[in-house]
Amino acid sequence: MASRAETARGPDWLAAATVLGALLLCYYVLPVLSLVASQPPETVISRLDDPSVVGAMGTSVAASTVSTAIGATFGIPLAYRLARSEGRRETLLTALVVLPLVLPPVVSGMVLLTVVGPNTLIGELAATAGLPLTRSFAGVVLAQTFVASPFIVVTAKAAFEGVDDQLEAASRSLGKSRATTIRRVTLPIAWPGVLAGVTLAFARAMGEFGATIMLAYYPRTMPVQIWVSFSTAGLSEAFPVAVILLVVAVVSLVVLNALGTNPLD
Amino acid sequence: MLELDSLGARYGDFTFGPVDLTVGEEVLAVLGPSGSGKTTLLSTVAGLVGADGGTVSLDGRDLTGVPPEDRRTGVVFQDGALFPHMTARENVAYAATDPERVQELATLLEIPDVLDRRPRALSGGERQRVALARTLAADPDALLLDEPLSSLDAPIRRRLRLELHDLFASLDIPVVYVTHDQRTASALGDRIAVLHDGRVEQVGRSADVLERPATPFVARFTGSENVLDARVVEVGADRLLLDVGDGQLSTTADGREAGIDLGETLTISVHPARFELGRRSKGTDCSRNRLHGTVRRLVNEGDQYRVVVTTSDGNPDSDAPLAGAADAVELTATVPPTTVDRLALQVDDRVSLSVSADDVHLIG
């Protein structure tokens with residue numbers, strides 16, 4: 001609370017910031033709590049008997065894990081390269097990374113269809129090889145990777161930029177190779193930021209709907225399952241499934257962060 | 001032996017080099033203002049930035065194109081560049097080829113008590129000790145230091161300077177110590193190289209560089225801030241008589257051998273500490289050069305006073321106004337506080353400045 005002396009000197013900006021921030025937080029939390037409160041636990045639990053809901057849970061968690069892993073494998077090195085170079089080329093490349101973030105997800109799905117869709121060269125070749133890229137688990141992963149992996153690149157890039165490159169210079173002048181330097185100096189210092197990017201990407205993948213429904217209506221992910229429940233039986237049928245998605249997402253993120261101690265440290 | 005042969009680098013507008021330097025088992029202090037290329041010199045030797053020409057070789061090994069990790073050039077950075085996610089011990093162990101070296105170096109650098117702390121819990125002095133231990137743990141063939149003392153408080157800096165002096169002497173490898181501080185350079189360097197605008201302006205034994213600066217820049221930067229134009233009025237076998245402002249100074253130099261002509265204008269320098277300050281008095285002491293003037297400023301620098309004097313016409317009996325005199329020159333003398341007390345010196349006092357002919361240095 002603002003003391004009288006502070007008030008006398010002018011607006012209490014810290015208090016104002018607290019109030020404004022608290023209002024926004026309420027706006028985040030209230031709808032979630034109200035959704036959970038509106039659904040009796042029995043109703044939610046009864047949905048776990050529905051094979052299509054359980055299947056969607058499995059697909060969502062598995063596909064999000066795979067797409068996050070792919071995003072990390074390719075995105076962390078890209079983030080490092082972008083963080084350690086400067087100039088117009090780097091700015092342009094960073095803009096390309098952000099591109100999937102600014103596209104509406106449905107449009108992302110459409111642009112992917114033009115490359116991996118059933119009537120495209122890549123799509124046909126993959127289908128012939130027994131790995132169809134649409135209406136398949138691979139399709140879900142492709143959609144999620146496109147939409148979610150930029151979070152890894154953008155966040156990890158900022159984290160790498162926060163690591164003073166003099167530390168890398170010091171490490172190398174101590175006789176350590178570039179690879180050792182990245183593994184033992186850069187990554188451990190940047191790790192909280194990198195992990196935040198991975199977490200964001202996983203959360204985004206779990207919630208992915210627009211691109212996924214274009215690429216892979218089947219196998220259904222949780223968001224698609226919610227959409228199906230809603231469009232066939234109305235909101236009352238969709239709400240319990242939404243609560244399940246919420247719980248699965250929160251639990252996954254907690255697990256991810258608990259496991260997220262730097263594997264290289 | 002570390003050899004730089006026509007080493008050059010370019011950064012936008014800044015051109016470094018070409019620089020030629022040879023460093024044996026000694027400490028070469030590279031002295032220069034910020035922007036003179038000191039850090040570039042270290043970075044190109046360590047391979048942290050690419051050279052645009054010339055070569056660096058260490059113990060006969062050409063380092064051109066060799067990545068930093070294979071150069072065996074240890075670098076100590078200005079603020080230590082300790083790895084923040086490791087304790088002091090882990091920092092040193094990171095570089096150590098032999099685990100026993102960690103304890104050994106900790107003892108040498110007096111840091112055994114802080115080994116389990118993270119860098120942010122270390123004082124500035126401790127941080128630099130750990131950084132030095134870490135660099136030495138890699139057992140480098142040359143040691144490069146980039147102003148490691150510059151961010152430390154004065155008492156710690158003085159103490160560490162003394163310790164470094166002894167440590168460097170025991171190393172038996174080339175040590176290049178970059179600094180902008182002339183005191184640190186002269187305290188640590190067996191030799192000094194003065195860097196200016198990316199080039200070595202003078203290199204030599206520390207005492208030689210400080211006492212016989214080769215250029216006005218070196219003179220000013222090493223503390224001989226009285227850099228003056230002087231006209232030759234008499235050329236003797238072992239002595240030159242010079243018109244300086246409105247007074248005269250003589251210097252010990254064989255003007256005939258140096259081919260100096262009467263009437264020629266030369267540049268001379270006098271270190272402020274070489275002036276002796278006195279009250280203006282009649283009569284002259286022939287063994288000393290003497291200029292007369294008025295105290296314009298008197299600055300107490302703690303251990304010494306800086307006295308700025310504008311010269312007058314040299315006649316102690318003259319009371320003519322001095323300011324604005326056409327030929328007047330401004331001189332700076334540094335004197336101990338005892339001198340100021342003894343003379344009860346104040347601004348606007350008339351004083352004499354004497355200097356031995358040996359201490360009037362001819363730049364050229």
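**Entry 1: confidence**

Residues are numbered from 1 along each chain as its sequence is written, chains are lettered from A and ligands numbered from 1 in the order written, and side-chain values use heavy atoms without hydrogens and water.

I noted an ipTM of 0.83 and a pTM of 0.84 for the model. In chain B, pLDDT stays under 50 over residues 316–325. For that stretch the model has 14 contacts (heavy atoms within 4.5 Å) beyond four places in sequence. Where pLDDT is low, predicted coordinates should not be read in detail.

**Entry 2: chain B overall**

I looked up the secondary structure, taken as DSSP runs numbered from the N terminus (helices are H or I of at least four residues, strands E of at least two). Chain B has nine helices and 20 strands, and its C-alpha trace spans about 75 × 45 × 35 Å along the principal axes. Of its 364 residues, 51% are buried (buried is under 20% relative accessible area, exposed over 50%, partly exposed in between, with a 1.4 Å probe and protein chains only). Among contacts between residues at least 6 apart in sequence, 67% join residues at least 24 apart in chain B.

Chain B exposes about 16,400 Å², and carbon and sulfur atoms supply 45% of it. I found 37 positive and 58 negative charges in chain B, with mean positions 5 Å apart; Lys and Arg count as positive and Asp and Glu as negative, without His and the chain ends.

**Entry 3: chain A overall**

I recorded 13 helices and zero strands for chain A. The C-alpha atoms of chain A fill a box of roughly 65 × 60 × 35 Å along the principal axes. Of the 265 residues of chain A, 40% are buried. Residues 24 or more positions apart make up 74% of its contacts with a separation of 6 or more.

The accessible surface of chain A is about 14,200 Å², 71% of it belonging to carbon and sulfur atoms. Chain A carries 16 positive and 15 negative side chains, and the centres of the two sets lie 9 Å apart.

**Entry 4: aromatic rings**

I searched the whole structure and found seven aromatic pairs over all chains. Rings of Phe, Tyr and Trp (its six-membered ring) pair if their centres lie within 6.5 Å; planes under 30 degrees apart are stacked, over 60 edge-to-face, the rest tilted. F83(B) and Y94(B) form an edge-to-face pair, at 4.9 Å centre to centre and 70° between the planes. F83(B) lies in the loop between β6 (73–76) and α2 (88–95), and Y94(B) in helix α2, 11 residues apart. Both are buried. In chain A, ring pairs link F209(A), W227(A) and F230(A) into a cluster.

**Entry 5: backbone**

Most residues other than glycine have a negative phi, and most peptide bonds are trans. I noted a cis peptide bond between Y218(A) and P219(A), with omega about -15°. P219(A) lies in the loop between α11 (210–215) and α12 (222–233).

R135(A) has a positive phi, near 50°; this residue lies in the loop between α7 (121–128) and α8 (137–161) and is exposed, with a relative accessible area of 56%. Phi of D197(B) is also positive, near 50°. D197(B) lies in the loop between β9 (191–196) and β10 (199–205) and is exposed at 54% relative accessible area.

Technical notes:
Predicted model: local features only at pLDDT ≥ 70, side-chain atom pairs only at ≥ 80, totals over all residues. Areas by Shrake-Rupley, 256 points an atom, 1.4 Å probe, with all protein chains shown as cover. Charge placed at Lys NZ, Arg CZ, Asp CG, Glu CD. pLDDT = per-residue confidence, 0-100.
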